[in-house]
Amino acid sequence: MRSLLENRKAVVGLSILAVFALMAIVGPLLVGDSSEFVTVPLQPPSAHYWFGTTGQGQDVFGQTIAGARSTLALGFVVGFLVVAIGALVGTMAGYFGGWVDEVLSLLINLFLLMPGVVIAAYLPSGPLTIGLVLVVTGWAWSARVIRAQALSLRQRDFVSAAQVVGESHLRIILFEILPNMTSLLVSAFIGSAIYAIGAQVGLEFLGLGDVGAVTWGTNLYWASNDVALPSGSWWTFVPTGVSIALVGFALALINNALDEFGNPRLAPERAFLKATGRKRLEIHAPTPALRRTGAGADG
Amino acid sequence: MKFILRRAGFYLTAAWASITLAFFIPRMMPGDPAAMMFARFHGKLSPEAMQALRSAFGFTNAPLWKQYFQYLSHIARGDLGISIGYYPATVGSVIGQALLWTVFLSGLAVILSCTIGTLLGIASVWKRGGWLDNIAPPVLTLLGAFPYFWLAMATLFVFGFGLGWFPLRHAYDDRFSPSLTWPFIRSVFEHAVLPAATVVVVTVGGWMLSMRSTLINVLAEDYILFAHAKGLRPGRIMFQYAARNALLPNITGFGMALGFVLSGSLLTEMVFSYPGQGYLLIRAVKSLDYPLIQGLFLTTTLAVLGANLLVDMVYVWLDPRTRS
């Protein structure tokens, strides 16, 4: 953990994420009911309304802050469920193999085909529908990755040892297999959260969410449905879009840092170049694998 | 051979499953979509005409299994029913037209993005630690973090409304009727520039990074060292030895991306009002045009399956190891 905090990418990512998490938790309390109509529609940013007003005369700043809560909450809950279901199905398929694997793999591959929007179309629109659709269409992606990892872990000696000792299958999966893929599970969770936030915003933008609620997706839905674009009101869609991008970027950075942490091959060559004083690597040079040798080591 | 048989089994099962799902999903949903759909015709049609219409759309009072087999025989004949929103056009003809635009726009975008991204990946490894290698990954990651449709909105806002360089909506200028004339083709390309460019900008980073990381691993292989020992030129080693082998993951990704063109183009088409599959789907959803939704569900899933099949075949051709 300490060495993770020395990674610049991780620090930047975690800081951005912390700001938005704080915003999601206390923000709505500060800005009050942001769906209220406060003044003339489509006012440009001013000292009073920092981000201007929407096509319906709502405060864009308030809506950007207030939208964070439901968007991020749904994103992380869906991300968690996607990985939980994926881990359950994936480890079972990978560990048991044989016909269990055949059946579960077929199931995984079938769910990969599911077009989410079509399913959303048949259900009443709202956050519950969106969450359900995202879980139904998302779990198979993580299940596939986790299955591959479980498949390779199953052949390791410590699993055979546990089997010989007579541990139950459930115990082996819970205490031998899953703990050994923690980093994969964490990165799958972050990836799923990125997916869930993006897809959720997309579905809401299409009008399949609760258009009366204030979320980042509905903010953009109204920005495109009111006359924001033709009237030149960039402030109605820029703050929300930048917020979504920053959260996604922060999550990607954290994932990247975790990756470098676990796989030294991917660590940036910059540190290596700095250490050797070379301008750039020749293409046939082996990839430098950096190992920290003490406090303050670069890389 | 066993591999091919297994894959064939999967494709048949999957095709059957998606056809079956397309049948059962609307019938399982709460609120009886059929009733909602026909409610709009109430008062306009006599009960007999309503009954005829219901059976024309496949919603009869016959037992479910009978309806199901009737539906299967319709599908086997390529008959997807009649669209409600575009009545009396058939679902097949409505989808066919939209499909053409989607395949053109998104196919173009996917091919461009994959090619540019792969080349950028090679270039960044060619000069490891050079400016491209340092600047491109973070910038492209940041760009990729923006919602797809948001960048589309922003580009439409700047280049469409602000500067007026590109048309705002639709696939071609209304003044022309579709024909193989120069002004029409020109207008089609003018309308495709913005939507295609946004897709390329958002997706190119993924291709580049995946090519880069695979290539780095391949370059560490012994046969690359051997090629150097033989004294081959770096360019030859890079393209003939390394890049060729590092291409495999991107080929898989390319096939997947092609398959998801139909569902993925939804948001872009929505922003640019581009008359493709995605735009059609949203209109069908808003007007509760269930036969059309069902047809789109089918074409979308079958497209993904088809793309997977294509990837499997290309893989066998590219990678001799799968042939044994």
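Q: Where does α3(A) bend, and by what angle?
A: In this predicted model, the bend lies at A:Ala68 and amounts to about 30°. Such a bend is the angle between axes fitted to the seven residues ending at that position and the seven starting there.

Q: Why are α3(A) and α9(A) called oblique to each other?
A: The axes of α3(A) and helix α9 (residues 182–205) of chain A come within 7 Å and cross at roughly 130°. Angles over 145 degrees count as roughly antiparallel and those from 65 to 115 as roughly perpendicular, with oblique kept for the rest. The two helices are therefore oblique to each other. The crossing of α3(A) with α9(A) is right-handed.

Q: What makes up the contact of α3(A) with α9(A), by class?
A: This contact has 14 nonpolar residues, six polar ones and no charged ones. Among the residues that meet are A:Leu74, A:Phe76 and A:Val78 in α3(A), and A:Leu185, A:Phe189 and A:Ile197 in α9(A).

Q: Which residues of α9(A) meet α10(A), and what is the hand of that crossing?
A: The axes of α9(A) and helix α10 (residues 216–225) of chain A come within 7 Å and cross at roughly 35°. The crossing is right-handed. A:Gln200, A:Val201, A:Leu203, A:Glu204 and A:Phe205 are the residues of α9(A) that meet α10(A). The contact divides into six nonpolar, three polar and one charged.

Q: At what angle do α13(B) and α14(B) pack, and what is the hand of their crossing?
A: Helix α13 (residues 277–286) and helix α14 (residues 290–318) of chain B pack at about 145°, with axes 9 Å apart. Their crossing is left-handed. Among the residues that meet are B:Leu280 in α13(B) and B:Ile293 in α14(B). By class, seven residues of this contact are nonpolar, one is polar and none is charged.

Q: How many residues does each chain give to the contact between chain A and chain B?
A: Chain B gives 48 residues and chain A gives 39. On the side of chain B that touches chain A, 36 are nonpolar, 10 polar and two charged.

Conventions: Residues are numbered from 1 along each chain as its sequence is written. Chains are lettered from A and ligands numbered from 1 in the order in which they are written. This is a predicted model: local features need pLDDT of at least 70, side-chain atom pairs count only at pLDDT 80 or more; totals for chains, interfaces and linings use all residues. Two residues are in contact if their C-beta atoms, placed from the backbone, lie within 7 Å. Ala, Val, Leu, Ile, Met, Phe, Trp, Tyr, Cys and Pro count as nonpolar, Asp, Glu, Lys and Arg as charged, and the others, Gly among them, as polar. Helices (H or I, at least four residues) and strands (E, at least two) are DSSP runs, numbered from the N terminus. Axes are lines fitted to C-alpha atoms, for helices over the stretch in contact, and angles run from 0 to 180 degrees between N-to-C directions. Angles under 35 degrees count as roughly parallel, over 145 as roughly antiparallel, 65 to 115 as roughly perpendicular and the rest as oblique. A crossing is left-handed if the near helix is turned anticlockwise from the far one by less than a right angle, and right-handed if clockwise.
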